[in-house]
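Hello,

Please find the structure below. My notes on it follow.

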Amino acid sequence: MKRAYLIMSLLSVAVLAVSVGCPDPSLNPPTGTNPPPGGGSVSQTILDMEMATHHAINAERTTRFISALTMDNTLRNVARAHSQDMIDRDFFAHLNPDGDNVGERLTAAGVRYSMAGENIAWNRGFADPVAVAVDGWMDSPGHRANILRAEYSHTGIGIAVNSQNAYYFTQVFALPSKTLGPKYVEIYTYGPIAIEAW
């Protein structure tokens, strides 16, 4: 199958000084599988895809002798909410229509961190959307750097699918912090990457 790769607006590393104080596959799955941030359930298909993505990312790390990432449910919920928000409000970017980036979304979810990052991807028309997303990230120097950044210890992966069977992937990375109050925080975002089968 012929693939067209569209790599949109590679962003430079954003290093932000912010104050955070917070508490700790198939082509045709059912649509509307991810809940809005208040509740609901996620289909088994989406759960399986999220875990397949997690295992694939950890395989990329561990084969290079980098520690595997721990799946964190709070980070996963932040990632799921962003993937669903991109569908609901018809955008595809790290910055949402309210002007919030991943750091602000983590802060709103009560996550303390000293370093954070986010990869997003979109694809449609492939038998294995997970492999396409992970391969696309690994083929992009910035996204690959996020995946292989040894400082990260925790991650959350959230996937949503729209009514046209396009898959929206968000992976959030974090190095947790126990420090309260103002501190220097690094945030890394690259992309987004959109890939569609022709």
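The chain has five helices and seven strands, where helices (H or I, at least four residues) and strands (E, at least two) are DSSP runs numbered from the N terminus. Along the sequence they follow the pattern β-β-α-β-α-α-β-α-α-β-β-β. The model is predicted, so local features need pLDDT of at least 70 and side-chain atom pairs count only at pLDDT 80 or more, while totals for chains, interfaces and linings use all residues. Residues are numbered from 1 along each chain as its sequence is written, and side-chain values use heavy atoms, with hydrogens and water left out.

Of the 198 residues, 51% are buried; buried means under 20% relative accessible area, exposed over 50%, and partly exposed in between (1.4 Å probe, protein chains only). The accessible surface of the chain is about 9000 Å², and 55% of that belongs to carbon and sulfur atoms. These areas come from the Shrake-Rupley method with a 1.4 Å probe, and for residues only the protein chains shown count as cover.

Helix α1 covers residues 44-62. Its 19 residues reach 26 Å from first C-alpha to last, close to the 27 Å expected at 1.5 Å a residue; the expected span is 1.5 Å times one less than the number of residues. The buried residues in α1 are I46, M49, E50, T53, H54, I57, N58 and R61. Their cover includes α2 (73-88), α4 (129-138), α5 (141-147) and the strands β3 (70-71), β5 (154-161) and β6 (166-176), with contact meaning heavy atoms within 4.5 Å.

Two packed helices are described by the angle between their axes and the distance between the axes. For α1 and α4 the angle is about 35 degrees and the axes are 9 Å apart. Axes here are lines fitted to C-alpha atoms, for helices over the stretch in contact, and angles run from 0 to 180 degrees between N-to-C directions. On the α1 side the contact is made by M49, A52, T53, A56, I57 and E60, and on the α4 side by P129, V130, V134, W137 and M138. These divide into nine nonpolar residues, one polar and one charged. In this count Ala, Val, Leu, Ile, Met, Phe, Trp, Tyr, Cys and Pro are nonpolar, Asp, Glu, Lys and Arg are charged, and the others, Gly among them, are polar.

Helix α2 has 16 residues, which should span 22 Å at 1.5 Å a residue, and its end C-alpha atoms are 22 Å apart, in agreement. Among its buried residues are L75, R76, V78, A79 and R80. Elements covering the buried residues of α2 include α1, α3 (102-108) and β4 (113-124). D85, in helix α2, is buried with a relative accessible area of 17%. Leaving out residues up to four places away in sequence, D85 touches D90, F91 and N96.

Most residues other than glycine have a negative phi. F65 has a positive phi, near 60 degrees, and lies in the loop between α1 and β3. N165, in the loop between β5 and β6, also has a positive phi near 60 degrees. F65 is exposed at 80% relative accessible area, whereas N165 is buried at 18%. G110, in the loop between α3 and β4, is buried at 6%. G110 and T74 are 36 residues apart in sequence and 8.6 Å apart in space, C-alpha to C-alpha.

Regards
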